[in-house]
Amino acid sequence: MKHLRKVFQVLVLLVLLLALASFLISRALRPDYEDSRTLTGLQDSVRVLYGPYGIPHIYGKSEADAFRALGYVHAQDRLWQMELLRRVARGGLSEVFGPDQLSTDRFFLSLGIDESSKAAIATLDRNSQEYRLVAAYLDGVNAFIADGPTPPEFYLTGLDKTPFQFEDVYNTLGYMAFSFAMAHKTDPFLTEVGQRLGPAYLEELLNEDPGATTRIQNYDTRDSATPGFAASSQIRQLLGGLPLPALEGSNSWVVGPAKTKTGKVLFANDPHIGFAQPSVWFEAHLATPAYERYGYHMAGIPFPLLAHNRRNAYGMTMFENDDIDFYRETTDAQDSNRYLRPDGWKTFQRIEKTIKVKGSDPVAFSYRRSDLGPLVNEVIKDLEGGTPVSMSWVYTQGPNQVLQALNGIAHAPALPEFEQAVQKIHAPGLNVMYGDAEGNVAWWAAAKLYRLPDTVSTKLLLDGSKAGEDFERPVPFSENPKAINPPWGYVYSANNQPDSTGAGYIPGYYLPENRARRITALLDSRNDWDREAVQEMMLDNTSSVDPQTASKLAKYLDVKQLSESQVEYVDALNKWQGNYTLESSVALLYHRWIYYFLRDTFADEMGEDGFEAFLGTHLMKRMIAVMAERENSVWWDDINTPETVEDKAVIVGRSFHEAMESVYRDFGKNSEHWQWSKVHELEHKHPIGSMALFRPLFNVGPFPVPGSQEVINNLAFSYDSTGYYPVTSGPSTRRVIDFADIENSMSILPTGQSGNPFSPHYDDQAEMYARGEFRKMMLNTREIEAAALHTLFFIPR
């Protein structure tokens with residue numbers, strides 16, 4: 001008995017020691033939001049007040065001092081995220097995660113982002129405002145790296161902290177730009193459809209005419225054998241394997257004075273980005289005598305991409321224009337290192353790179369590039385040896401003034417100066433949204449646009465031998481889509497097709513009209529909008545399109561082939577209003593049906609790789625409603641049954657029975673057990689949380705959530721054979737700015753402000769977000785001081 005007592009005492013002691021060690025480690029590694037710090041380069045002291053959610057309110061005597069403090073506090077909460085983001089473009093992920101990331105590093109190195117960053121930095125004016133503020137921000141980041149506690153991820157990966165440079169800021173912007181693009185997922189796929197299956201199949205997918213769909217209207221009173229399925233699939237896998245969130249879509253609308261209860265502008269924005277932990281945005285409020293912004297910052301970027309102050313507000317959604325083109329190269333039969341252009345033969349440039357790999361020797365690799373861009377065949381393993389294909393991307397072509405644009409936008413006092421700054425954005429394509437205290441509302445499609453000859457399609461591989469100086473015709477910014485103070489009283493964007501301009505329709509990979517139709521219907525329905533109503537609208541879970549799609553498909557079902565209970569389910573689908581509540585059984589059945597409908601329609605012709613690539617494109621989302629409407633199609637026939645020619649009714653009926661069987665198998669025949677909440681969950685995953693041991697510490701969730709893909713509350717997912725829909729992307733923040741009561745503007749983050757798992761603000765907003773709640777974005781200094789839980793002082797060294 002005494003022996004057991006001693007063993008028990010030893011175990012208790014060990015537990016206590018372990019708990020003490022854990023407490024001390026967490027104390028040592030967590031962010032420090034109090035006390036004072038000396039900071040080299042400060043001209044005067046800076047005060048940082050932290051409120052209940054860990055958002056820093058930075059008060060300085062000068063902008064440079066405020067940005068220097070911003071760099072420090074940003075790094076304190078997000079250094080690991082900043083580290084990963086700066087590594088993507090320069091091929092540095094293998095150094096952290098090992099050889100599994102080699103293919104990703106090769107791909108991003110070949111894009112030329114790193115070289116483009118160096119070229120942009122070489123042209124920067126060292127006396128410009130943007131240069132001085134970026135330099136101050138980097139000083140603050142590097143001060144934390146030198147003096148602050150090391151985030152736990154660095155210990156777990158064995159990675160050393162190293163200083164940040166200008167190049168890292170540009171590389172992060174470059175990764176952001178590429179992650180917005182869709183052409184790399186779609187162009188090779190469509191080309192393969194045309195070559196493998198023929199023009200009839202391609203024509204039904206391509207359909208360049210936007211047709212009868214909800215388009216963003218323009219208004220301005222001031223003027224009147226080649227890579228295919230394998231390429232698309234592998235690029236999707238490379239991007240899907242990144243330990244970082246992808247940038248997907250977005251909503252925004254700005255309601256003018258004539259449509260609001262107070263006669264003041266209401267601004268709403270919820271950019272849709274892949275969910276991860278930490279979440280994308282870092283909130284910070286900077287206030288100096290000459291500058292004030294409450295902004296949302298990406299890791300490693302000093303200027304906010306979303307922001308407001310008492311004078312104006314701005315936000316962004318993805319334009320979805322086509323800014324990547326693939327060119328099939330004609331090579332010299334006598335010298336495969338030469339390629340043809342209209343003015344003669346040119347020589348491919350050979351690029352040599354070396355990638356550091358964790359736990360292994362460095363890996364050397366090389367690839368060739370033409371004057372248009374890298375040869376994707378030499379970067380994507382599955383394409384080696386095929387016809388050379390160059391990838392041309394607007395971001396790496398010509399001058400890069402994105403940093404100047406972001407600085408100009410952040411400092412713009414009014415609409416004219418704001419528009420001047422927007423014009424400097426060449427890529428990525430962005431819908432830039434604007435509203436101000438003077439009653440102005442505006443939207444610009446910001447990008448360097450160009451037109452190709454009418455005889456070619458930008459969504460297919462182009463002929464490199466014709467790509468001369470006159471092949472691409474630049475479109476002046478004056479012809480970009482836009483709307484400024486339109487008579488209908490609002491502007492909006494839901495990543496849908498803009499209306500035509502003087503340059504015609506702008507080619508792109510736009511999302512279907514679902515969200516756009518719902519947004520415009522709601523905005524048109526009333527003229528007494530207030531902040532609470534806009535918040536409610538941001539959480540809208542109703543699809544205007546999905547019930548129509550279900551009813552159109554149901555017309556092709558033969559009720560004689562259905563059981564009594566299945567007929568009741570069809571009736572429920574016909575009566576469905578498109579609501580995606582947690583309890584909905586119809587929502588679950590609908591998406592099971594749509595997956596099998598797509599699979600039975602397309603997979604036989606496309607094959608497994610092709611169908612997987614198709615599911616990863618915006619084209620798939622657009623084709624759901626199109627195929628539900630289309631009576632006759634070459635896609636209806638199942639090529640695996642040569643003795644039979646299937647029609648639409650066969651495909652619809654087959655897919656419905658498959659959907660029913662899958663629901664029965666997973667949830668039984670009692671529809672009370674079919675709940676959307678059982679298949680639609682949100683978990684915020686950390687790169688290190690993929691290891692089971694660390695998942696409880698680093699991952700946040702899961703939470704059952706309402707909503708669906710392509711509703712306003714766009715909690716999106718990918719289709720696959722499992723029939724479960726874990727949320728992959730959605731609102732990265734929900735912001736509502738009310739110019740009638742600017743100090744009570746509202747927002748929320750998906751998890752929390754900090755990326756450090758030992759911070760109390762790592763996940764303190766996660767449950768609020770899942771419940772659809774908001775919290776205040778404070779601007780009033782007295783209120784901020786009264787609510788402050790911590791104060792951090794920076795003093796000159």
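Visitor: What separates Arg87 and Glu83 in helix α2?

Guide: In this predicted model, Arg87 and Glu83 stand 4 residues apart in helix α2, and therefore about one helical turn lies between them.

Visitor: What makes the pair of Arg87 and Glu83 a salt bridge?

Guide: The closest N and O atoms of Arg87 and Glu83 are 2.6 Å apart. A salt bridge requires a side-chain nitrogen of Lys or Arg within 4 Å of a carboxyl oxygen of Asp or Glu, and the pair of Arg87 and Glu83 is therefore counted as a salt bridge. Side chains of opposite charge can pair when their charged atoms come close.

Visitor: Are Arg87 and Glu83 buried or exposed?

Guide: Both Arg87 and Glu83 are buried.

Visitor: Which residues are linked with Arg87 in a network of salt bridges?

Guide: The network links Arg87 with Glu83, Arg86, Glu95 and Asp168.

Visitor: Why is Lys61 called exposed, and what is said of Asp44?

Guide: Lys61 has 55% relative accessibility; exposed means over 50%, so Lys61 counts as exposed. Asp44 has 30% relative accessibility and therefore counts as partly exposed, that class lying between the 20% and 50% limits. The side chains of Lys61 and Asp44 meet in a salt bridge, at 3.5 Å from N to O. Lys61 belongs to the loop between β3 and α2, and Asp44 to the loop between β1 and β2, so this pair ties together parts 17 residues apart in sequence.

Visitor: How do you know that Glu378 and Arg350 form a salt bridge?

Guide: Their closest N and O atoms are 3.9 Å apart; the cut-off is within 4 Å, so the pair qualifies as a salt bridge. Glu378 lies in the loop between β15 and β16 and Arg350 in strand β14, so the pair ties together parts that are 28 residues apart in sequence. Glu378, with a relative accessible area of 23%, is partly exposed, and Arg350, at 45%, is partly exposed.

Visitor: How many salt bridges are counted by this rule?

Guide: The count comes to 39 salt bridges.

Visitor: Why is α16 called oblique to α18?

Guide: Helices α16 and α18 pack at an angle of about 60°, with their axes 11 Å apart. That angle makes α16 oblique to α18, because roughly parallel means under 35 degrees and roughly perpendicular 65 to 115. The crossing of α16 and α18 is left-handed.

Visitor: Which residues make the contact of α16 and α18?

Guide: Asp546, Thr549, Ala550, Leu553 and Ala554 of α16 meet Tyr590, Trp593, Ile594 and Phe597 of α18. These contact residues divide into 7 nonpolar, 1 polar and 1 charged.

Definitions and conventions: Residues numbered from 1 in each chain as written. Predicted model: local features only at pLDDT ≥ 70, side-chain atom pairs only at ≥ 80, totals over all residues. Heavy atoms only, no water. Axes fitted to C-alpha atoms, helices over the stretch in contact; angles between N-to-C directions. Helix = DSSP H or I, 4+ residues; strand = E, 2+ residues; numbered from the N terminus. Parallel < 35°, antiparallel > 145°, perpendicular 65-115°, else oblique. Left-handed = near helix turned anticlockwise from the far one by under 90°. Contact = heavy atoms within 4.5 Å. Nonpolar A, V, L, I, M, F, W, Y, C, P; charged D, E, K, R; others polar. Buried < 20%, exposed > 50% of the residue type's maximum accessible area, 1.4 Å probe, protein only.
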